Amino acid sequence: MNQPLQLIESRGSFKKVEGTIIACATSWDEQYSAFATADGDLWIIPLIHNNDPDYWYKVQPHDGGILSLSQDLTFSGFVTSGDDNKLIRIIPGKEPQQLLKSRRWIDKIVSWTDKERKQNKIAFITGKEIHLYKDNFTEPYRIFEHSSGVSDLVFSLDGAKIASSYYNGATLWSADYKNPVKIKDFTWKGSHTGITLHPKEEALVTSMQDHDLHGWRISDGHNMRMSGYPTKVKSLNFSSDGKWLATSGAEPVVLWQFFGGGPMGKPPVELPGIPGSCCMVVACHPTYDMVAAGFLDGSILLIGISDEKVIPVNLGSKKSIGEITALQFNKEGSLLNIGTDDGYIILIDLSEKNSCIK
(Lines give C-alpha, C1' and ligand atoms only; values in the text may rest on other atoms or scores of the structure.)
Protein backbone atom coordinates (compact mmCIF):
# COMPACT_ATOMS: atom_id res chain seq x y z
CA MET A 1 0.00 0.00 0.00
CA ASN A 2 1.94 2.97 -1.28
CA GLN A 3 -0.92 5.46 -1.25
CA PRO A 4 -2.39 7.23 1.80
CA LEU A 5 -5.17 5.15 3.33
CA GLN A 6 -7.39 8.06 4.37
CA LEU A 7 -9.76 6.93 7.19
CA ILE A 8 -8.11 3.51 7.27
CA GLU A 9 -5.03 5.14 8.77
CA SER A 10 -6.81 7.14 11.44
CA ARG A 11 -9.85 5.01 12.26
CA GLY A 12 -9.22 1.58 10.86
CA SER A 13 -7.43 -1.73 11.16
CA PHE A 14 -6.39 -3.85 8.22
CA LYS A 15 -4.59 -7.04 7.29
CA LYS A 16 -3.76 -8.80 4.02
CA VAL A 17 -4.64 -12.49 3.92
CA GLU A 18 -4.60 -15.22 1.26
CA GLY A 19 -7.62 -15.45 -1.00
CA THR A 20 -10.47 -13.27 -2.23
CA ILE A 21 -12.89 -11.97 0.42
CA ILE A 22 -16.39 -13.03 -0.65
CA ALA A 23 -18.45 -12.02 2.40
CA CYS A 24 -18.29 -10.42 5.85
CA ALA A 25 -20.58 -10.31 8.87
CA THR A 26 -20.77 -9.15 12.49
CA SER A 27 -21.99 -11.46 15.24
CA TRP A 28 -25.36 -10.71 16.83
CA ASP A 29 -23.75 -9.56 20.10
CA GLU A 30 -21.28 -7.44 18.10
CA GLN A 31 -18.30 -9.05 19.80
CA TYR A 32 -16.83 -10.49 16.59
CA SER A 33 -16.56 -9.83 12.87
CA ALA A 34 -15.90 -12.59 10.34
CA PHE A 35 -14.55 -12.54 6.79
CA ALA A 36 -14.86 -15.51 4.42
CA THR A 37 -12.51 -16.26 1.53
CA ALA A 38 -13.30 -18.21 -1.60
CA ASP A 39 -10.41 -20.55 -0.71
CA GLY A 40 -12.15 -21.68 2.48
CA ASP A 41 -10.63 -19.57 5.26
CA LEU A 42 -12.84 -17.84 7.80
CA TRP A 43 -11.07 -15.01 9.61
CA ILE A 44 -12.41 -14.20 13.08
CA ILE A 45 -11.82 -10.69 14.49
CA PRO A 46 -12.46 -10.22 18.25
CA LEU A 47 -13.78 -6.66 18.45
CA ILE A 48 -13.14 -6.53 22.20
CA HIS A 49 -9.45 -6.11 21.39
CA ASN A 50 -10.05 -2.80 19.56
CA ASN A 51 -9.75 -4.53 16.18
CA ASP A 52 -6.05 -5.29 16.82
CA PRO A 53 -4.86 -7.55 13.94
CA ASP A 54 -2.57 -9.41 16.36
CA TYR A 55 -5.69 -11.11 17.76
CA TRP A 56 -7.18 -12.08 14.39
CA TYR A 57 -7.16 -15.77 13.58
CA LYS A 58 -8.53 -18.13 10.94
CA VAL A 59 -10.42 -21.42 10.87
CA GLN A 60 -11.19 -23.70 7.93
CA PRO A 61 -14.72 -24.99 8.47
CA HIS A 62 -15.16 -26.74 5.11
CA ASP A 63 -13.47 -29.25 2.84
CA GLY A 64 -13.03 -26.66 0.10
CA GLY A 65 -14.17 -23.10 -0.45
CA ILE A 66 -16.79 -21.06 1.41
CA LEU A 67 -19.91 -20.11 -0.55
CA SER A 68 -21.87 -18.05 1.98
CA LEU A 69 -21.62 -16.50 5.45
CA SER A 70 -24.24 -15.31 7.94
CA GLN A 71 -24.36 -14.38 11.62
CA ASP A 72 -25.51 -17.19 13.90
CA LEU A 73 -28.64 -16.32 15.83
CA THR A 74 -28.06 -18.51 18.87
CA PHE A 75 -24.44 -17.76 19.75
CA SER A 76 -21.73 -15.11 19.32
CA GLY A 77 -20.76 -16.76 16.10
CA PHE A 78 -21.45 -17.47 12.45
CA VAL A 79 -22.87 -19.97 9.99
CA THR A 80 -21.16 -20.86 6.70
CA SER A 81 -21.85 -23.05 3.67
CA GLY A 82 -19.20 -24.56 1.43
CA ASP A 83 -18.19 -26.66 -1.55
CA ASP A 84 -18.70 -29.77 0.61
CA ASN A 85 -22.50 -29.11 0.75
CA LYS A 86 -22.28 -28.64 4.52
CA LEU A 87 -23.77 -25.99 6.78
CA ILE A 88 -21.32 -25.26 9.61
CA ARG A 89 -21.68 -23.30 12.86
CA ILE A 90 -18.54 -21.48 14.01
CA ILE A 91 -18.43 -20.26 17.60
CA PRO A 92 -15.21 -18.44 18.51
CA GLY A 93 -13.06 -20.58 20.77
CA LYS A 94 -14.84 -23.82 19.89
CA GLU A 95 -14.52 -26.47 17.20
CA PRO A 96 -16.73 -25.92 14.11
CA GLN A 97 -20.02 -27.84 14.34
CA GLN A 98 -21.76 -29.43 11.35
CA LEU A 99 -25.45 -28.50 11.38
CA LEU A 100 -26.46 -30.42 8.27
CA LYS A 101 -25.32 -31.69 4.89
CA SER A 102 -27.36 -30.92 1.80
CA ARG A 103 -27.64 -32.93 -1.40
CA ARG A 104 -26.55 -29.83 -3.34
CA TRP A 105 -24.53 -26.69 -2.77
CA ILE A 106 -25.97 -24.19 -0.32
CA ASP A 107 -25.53 -20.99 -2.29
CA LYS A 108 -26.67 -18.33 0.17
CA ILE A 109 -27.66 -18.14 3.85
CA VAL A 110 -29.77 -15.41 5.47
CA SER A 111 -30.84 -15.11 9.11
CA TRP A 112 -33.31 -13.07 11.15
CA THR A 113 -34.16 -12.55 14.81
CA ASP A 114 -36.49 -10.18 16.64
CA LYS A 115 -35.20 -7.62 19.14
CA GLU A 116 -36.01 -9.80 22.13
CA ARG A 117 -34.58 -12.85 20.30
CA LYS A 118 -37.75 -14.80 21.00
CA GLN A 119 -37.90 -15.91 17.37
CA ASN A 120 -34.89 -17.01 15.34
CA LYS A 121 -35.05 -18.01 11.70
CA ILE A 122 -32.48 -19.01 9.12
CA ALA A 123 -33.01 -19.78 5.45
CA PHE A 124 -30.76 -20.92 2.64
CA ILE A 125 -30.81 -21.63 -1.10
CA THR A 126 -30.09 -25.06 -2.51
CA GLY A 127 -30.91 -25.48 -6.19
CA LYS A 128 -34.58 -24.72 -6.82
CA GLU A 129 -35.45 -24.73 -3.13
CA ILE A 130 -35.33 -22.44 -0.12
CA HIS A 131 -35.04 -24.28 3.18
CA LEU A 132 -36.39 -22.41 6.20
CA TYR A 133 -35.31 -23.50 9.68
CA LYS A 134 -35.76 -22.56 13.27
CA ASP A 135 -32.50 -22.16 15.15
CA ASN A 136 -32.40 -25.73 16.48
CA PHE A 137 -31.67 -27.13 12.99
CA THR A 138 -33.80 -30.22 13.30
CA GLU A 139 -36.16 -30.80 10.36
CA PRO A 140 -36.85 -27.66 8.29
CA TYR A 141 -40.30 -26.37 9.08
CA ARG A 142 -40.76 -25.31 5.46
CA ILE A 143 -39.24 -25.90 2.02
CA PHE A 144 -40.22 -23.41 -0.68
CA GLU A 145 -40.00 -24.91 -4.18
CA HIS A 146 -39.38 -22.85 -7.34
CA SER A 147 -39.64 -23.51 -11.06
CA SER A 148 -35.95 -22.76 -11.61
CA GLY A 149 -32.76 -22.26 -9.62
CA VAL A 150 -33.10 -19.61 -6.91
CA SER A 151 -30.57 -16.78 -7.28
CA ASP A 152 -31.17 -14.74 -4.11
CA LEU A 153 -33.40 -14.36 -1.06
CA VAL A 154 -34.05 -11.86 1.72
CA PHE A 155 -36.15 -11.68 4.90
CA SER A 156 -38.61 -8.86 5.43
CA LEU A 157 -37.73 -6.45 8.24
CA ASP A 158 -40.16 -8.15 10.63
CA GLY A 159 -39.08 -11.66 9.61
CA ALA A 160 -42.62 -12.62 8.60
CA LYS A 161 -41.87 -12.93 4.89
CA ILE A 162 -39.15 -14.09 2.50
CA ALA A 163 -38.62 -12.71 -1.01
CA SER A 164 -36.82 -14.82 -3.61
CA SER A 165 -35.57 -14.25 -7.17
CA TYR A 166 -35.10 -16.74 -10.01
CA TYR A 167 -35.44 -17.03 -13.79
CA ASN A 168 -38.50 -15.12 -15.06
CA GLY A 169 -39.52 -13.58 -11.77
CA ALA A 170 -39.71 -13.30 -8.00
CA THR A 171 -41.94 -14.60 -5.22
CA LEU A 172 -43.03 -13.33 -1.83
CA TRP A 173 -43.49 -16.10 0.76
CA SER A 174 -44.93 -16.16 4.26
CA ALA A 175 -42.28 -17.26 6.77
CA ASP A 176 -44.79 -17.50 9.61
CA TYR A 177 -44.42 -20.63 11.74
CA LYS A 178 -48.15 -21.40 11.60
CA ASN A 179 -48.82 -20.56 7.94
CA PRO A 180 -45.66 -20.64 5.77
CA VAL A 181 -47.18 -20.36 2.27
CA LYS A 182 -46.71 -18.55 -1.04
CA ILE A 183 -48.16 -15.05 -0.93
CA LYS A 184 -47.67 -13.82 -4.48
CA ASP A 185 -45.68 -14.43 -7.68
CA PHE A 186 -44.20 -11.54 -9.65
CA THR A 187 -43.32 -12.34 -13.27
CA TRP A 188 -41.01 -10.70 -15.78
CA LYS A 189 -39.08 -12.54 -18.48
CA GLY A 190 -35.35 -12.80 -18.03
CA SER A 191 -32.67 -13.78 -15.55
CA HIS A 192 -33.14 -12.15 -12.15
CA THR A 193 -29.82 -12.35 -10.30
CA GLY A 194 -30.44 -10.52 -7.00
CA ILE A 195 -33.31 -9.19 -4.90
CA THR A 196 -34.11 -6.61 -2.25
CA LEU A 197 -37.34 -5.87 -0.38
CA HIS A 198 -38.55 -2.39 0.55
CA PRO A 199 -38.37 -2.00 4.36
CA LYS A 200 -42.08 -1.14 4.47
CA GLU A 201 -42.84 -3.92 1.98
CA GLU A 202 -44.06 -1.49 -0.66
CA ALA A 203 -41.94 -2.92 -3.48
CA LEU A 204 -39.70 -5.76 -4.62
CA VAL A 205 -36.69 -4.97 -6.81
CA THR A 206 -34.43 -7.41 -8.65
CA SER A 207 -31.19 -6.98 -10.55
CA MET A 208 -31.16 -8.42 -14.06
CA GLN A 209 -28.51 -10.17 -16.10
CA ASP A 210 -28.94 -7.58 -18.87
CA HIS A 211 -27.77 -4.53 -16.81
CA ASP A 212 -31.26 -3.45 -15.70
CA LEU A 213 -33.31 -3.45 -12.52
CA HIS A 214 -36.90 -4.62 -12.42
CA GLY A 215 -39.37 -3.84 -9.69
CA TRP A 216 -42.94 -4.54 -8.71
CA ARG A 217 -45.29 -2.59 -6.50
CA ILE A 218 -46.41 -5.26 -4.04
CA SER A 219 -49.95 -3.92 -3.56
CA ASP A 220 -51.01 -4.37 -7.19
CA GLY A 221 -48.04 -5.98 -9.00
CA HIS A 222 -47.38 -2.87 -11.11
CA ASN A 223 -44.09 -3.26 -13.03
CA MET A 224 -41.20 -0.81 -12.64
CA ARG A 225 -38.17 -0.92 -14.94
CA MET A 226 -34.97 0.93 -14.04
CA SER A 227 -32.42 0.87 -16.84
CA GLY A 228 -29.39 2.68 -18.25
CA TYR A 229 -26.56 0.92 -16.40
CA PRO A 230 -23.28 0.37 -18.30
CA THR A 231 -22.56 -2.86 -16.39
CA LYS A 232 -24.44 -5.51 -14.44
CA VAL A 233 -25.80 -4.35 -11.07
CA LYS A 234 -24.24 -6.62 -8.44
CA SER A 235 -25.34 -4.75 -5.31
CA LEU A 236 -28.57 -2.97 -4.32
CA ASN A 237 -29.70 -1.79 -0.90
CA PHE A 238 -32.62 0.31 0.38
CA SER A 239 -32.01 3.16 2.79
CA SER A 240 -33.36 2.45 6.27
CA ASP A 241 -36.36 4.75 5.73
CA GLY A 242 -37.13 3.19 2.34
CA LYS A 243 -36.95 6.48 0.46
CA TRP A 244 -33.98 5.53 -1.71
CA LEU A 245 -32.59 2.46 -3.41
CA ALA A 246 -28.79 2.62 -3.74
CA THR A 247 -27.16 0.54 -6.47
CA SER A 248 -23.81 -0.32 -8.01
CA GLY A 249 -23.21 -0.75 -11.75
CA ALA A 250 -21.94 2.69 -12.81
CA GLU A 251 -19.16 5.19 -11.99
CA PRO A 252 -21.50 7.20 -9.71
CA VAL A 253 -23.60 5.62 -6.98
CA VAL A 254 -27.08 5.48 -8.51
CA LEU A 255 -30.09 6.25 -6.29
CA TRP A 256 -33.70 5.59 -7.26
CA GLN A 257 -36.46 7.56 -5.53
CA PHE A 258 -39.18 5.52 -3.77
CA PHE A 259 -41.40 8.39 -2.65
CA GLY A 260 -43.49 11.02 -4.41
CA GLY A 261 -44.57 8.51 -7.05
CA GLY A 262 -41.06 7.28 -7.83
CA PRO A 263 -39.21 5.52 -9.22
CA MET A 264 -41.35 5.54 -12.37
CA GLY A 265 -41.22 8.90 -14.09
CA LYS A 266 -38.39 10.04 -11.81
CA PRO A 267 -34.78 10.21 -13.05
CA PRO A 268 -32.21 8.58 -10.77
CA VAL A 269 -29.93 10.66 -8.58
CA GLU A 270 -26.21 10.16 -9.18
CA LEU A 271 -24.10 10.53 -6.06
CA PRO A 272 -20.39 11.30 -6.43
CA GLY A 273 -18.22 8.38 -7.45
CA ILE A 274 -14.73 7.69 -8.75
CA PRO A 275 -14.14 8.84 -12.36
CA GLY A 276 -12.99 5.93 -14.48
CA SER A 277 -13.86 3.31 -11.84
CA CYS A 278 -17.13 1.39 -11.50
CA CYS A 279 -19.01 1.15 -8.21
CA MET A 280 -19.10 -2.55 -7.29
CA VAL A 281 -20.90 -2.73 -3.92
CA VAL A 282 -23.10 -0.45 -1.78
CA ALA A 283 -24.34 -0.56 1.83
CA CYS A 284 -26.77 1.95 3.37
CA HIS A 285 -26.08 3.05 6.94
CA PRO A 286 -28.67 1.65 9.39
CA THR A 287 -29.17 5.03 11.13
CA TYR A 288 -27.74 7.94 9.18
CA ASP A 289 -28.75 9.24 5.75
CA MET A 290 -25.58 7.84 4.19
CA VAL A 291 -24.32 5.09 1.90
CA ALA A 292 -20.95 3.32 1.80
CA ALA A 293 -19.68 2.54 -1.70
CA GLY A 294 -16.80 0.34 -2.83
CA PHE A 295 -15.19 0.64 -6.26
CA LEU A 296 -13.24 -1.42 -8.77
CA ASP A 297 -9.99 0.47 -8.11
CA GLY A 298 -10.10 -0.11 -4.33
CA SER A 299 -11.64 3.23 -3.42
CA ILE A 300 -14.20 3.37 -0.62
CA LEU A 301 -16.45 6.39 0.00
CA LEU A 302 -18.98 7.37 2.65
CA ILE A 303 -21.53 9.61 0.89
CA GLY A 304 -24.37 11.65 2.38
CA ILE A 305 -27.59 10.91 0.50
CA SER A 306 -29.16 14.35 1.06
CA ASP A 307 -26.13 16.64 1.11
CA GLU A 308 -23.81 14.48 -1.10
CA LYS A 309 -20.98 15.11 1.36
CA VAL A 310 -18.13 12.69 0.63
CA ILE A 311 -15.82 11.22 3.26
CA PRO A 312 -13.03 9.17 1.64
CA VAL A 313 -12.25 5.95 3.44
CA ASN A 314 -9.68 5.03 0.82
CA LEU A 315 -8.67 6.60 -2.47
CA GLY A 316 -6.49 4.25 -4.43
CA SER A 317 -5.78 2.35 -7.56
CA LYS A 318 -6.28 -1.30 -8.43
CA LYS A 319 -2.70 -1.91 -7.28
CA SER A 320 -3.41 -0.78 -3.74
CA ILE A 321 -5.95 -3.03 -2.03
CA GLY A 322 -7.86 -4.51 -4.97
CA GLU A 323 -11.50 -4.41 -5.98
CA ILE A 324 -13.96 -3.97 -3.11
CA THR A 325 -15.97 -7.19 -2.87
CA ALA A 326 -17.70 -6.92 0.53
CA LEU A 327 -19.17 -4.07 2.60
CA GLN A 328 -21.23 -4.39 5.77
CA PHE A 329 -22.27 -2.10 8.64
CA ASN A 330 -22.97 -3.66 12.01
CA LYS A 331 -26.54 -3.19 13.26
CA GLU A 332 -25.66 0.00 15.17
CA GLY A 333 -23.67 1.48 12.30
CA SER A 334 -20.62 1.94 14.51
CA LEU A 335 -18.43 -0.40 12.46
CA LEU A 336 -17.85 -0.81 8.73
CA ASN A 337 -16.43 -4.15 7.54
CA ILE A 338 -14.66 -4.15 4.16
CA GLY A 339 -13.18 -6.95 2.06
CA THR A 340 -11.32 -6.98 -1.27
CA ASP A 341 -10.45 -9.43 -4.02
CA ASP A 342 -6.75 -9.09 -3.14
CA GLY A 343 -7.41 -10.39 0.36
CA TYR A 344 -7.48 -7.18 2.38
CA ILE A 345 -9.63 -7.23 5.51
CA ILE A 346 -10.45 -3.72 6.74
CA LEU A 347 -12.46 -2.51 9.75
CA ILE A 348 -13.40 1.16 10.19
CA ASP A 349 -14.43 2.39 13.64
CA LEU A 350 -17.40 4.77 13.31
CA SER A 351 -18.44 4.77 16.96
CA GLU A 352 -19.28 8.01 18.78
CA LYS A 353 -15.84 8.13 20.41
CA ASN A 354 -14.32 8.08 16.94
CA SER A 355 -17.14 9.32 14.81
CA CYS A 356 -16.67 11.16 11.53
CA ILE A 357 -20.18 10.81 10.14
CA LYS A 358 -22.37 12.94 12.41
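Modeller: Buried means under 20% relative accessible area and exposed over 50%, with partly exposed in between; keep these cut-offs in mind as we go through this predicted model.

Colleague: With which residue does the side chain of Lys108 meet in a salt bridge?

Modeller: Side chains of opposite charge can pair when their charged atoms come close. Here Lys108 meets Asp152, with N to O at 2.6 Å, and the pair links distant parts of the chain, since Lys108 lies in strand β10 (residues 108–113) and Asp152 in strand β14 (residues 150–155), 44 residues apart. Asp152 has 10% relative accessibility and therefore counts as buried.

Colleague: How many salt bridges does the count come to, and are Arg89 and Asp72 buried or exposed?

Modeller: The count comes to eight salt bridges, one of which joins the side chains of Arg89 and Asp72 at 2.7 Å, N to O. This pair also links distant parts of the chain, with Arg89 in strand β8 (residues 86–90) and Asp72 in the loop between β6 (66–71) and β7 (78–82), 17 residues apart; both Arg89 and Asp72 are buried.

Colleague: What is the volume of the second largest pocket, and which residues are closest to its centre?

Modeller: Rolling a probe the size of a water molecule over the atoms shows where empty space is left. The second largest pocket has a volume of about 300 Å³, and of the 13 residues that line it, Leu47, Asn50, Asn51, Leu335 and Asp349 are the closest to its centre. By class, its lining has two nonpolar, seven polar and four charged residues.

Definitions and conventions. Residues are numbered from 1 along each chain as its sequence is written. This is a predicted model: local features need pLDDT of at least 70, side-chain atom pairs count only at pLDDT 80 or more; totals for chains, interfaces and linings use all residues. Side-chain values use heavy atoms; hydrogens and water are left out. On a 1 Å grid over the protein atoms alone, a cavity is a set of points where a 1.4 Å probe fits but cannot get out, and a pocket is an open set with protein on both sides within 12 Å along at least five of seven lines; lining residues have an atom within 4 Å of a point. Grid points are joined across faces, edges and corners, and a volume is the space filled by probe spheres set on the points. Ala, Val, Leu, Ile, Met, Phe, Trp, Tyr, Cys and Pro count as nonpolar, Asp, Glu, Lys and Arg as charged, and the others, Gly among them, as polar. A salt bridge is a side-chain nitrogen of Lys or Arg within 4 Å of a carboxyl oxygen of Asp or Glu. Helices (H or I, at least four residues) and strands (E, at least two) are DSSP runs, numbered from the N terminus. Buried means under 20% relative accessible area, exposed over 50%, partly exposed in between (1.4 Å probe, protein chains only).
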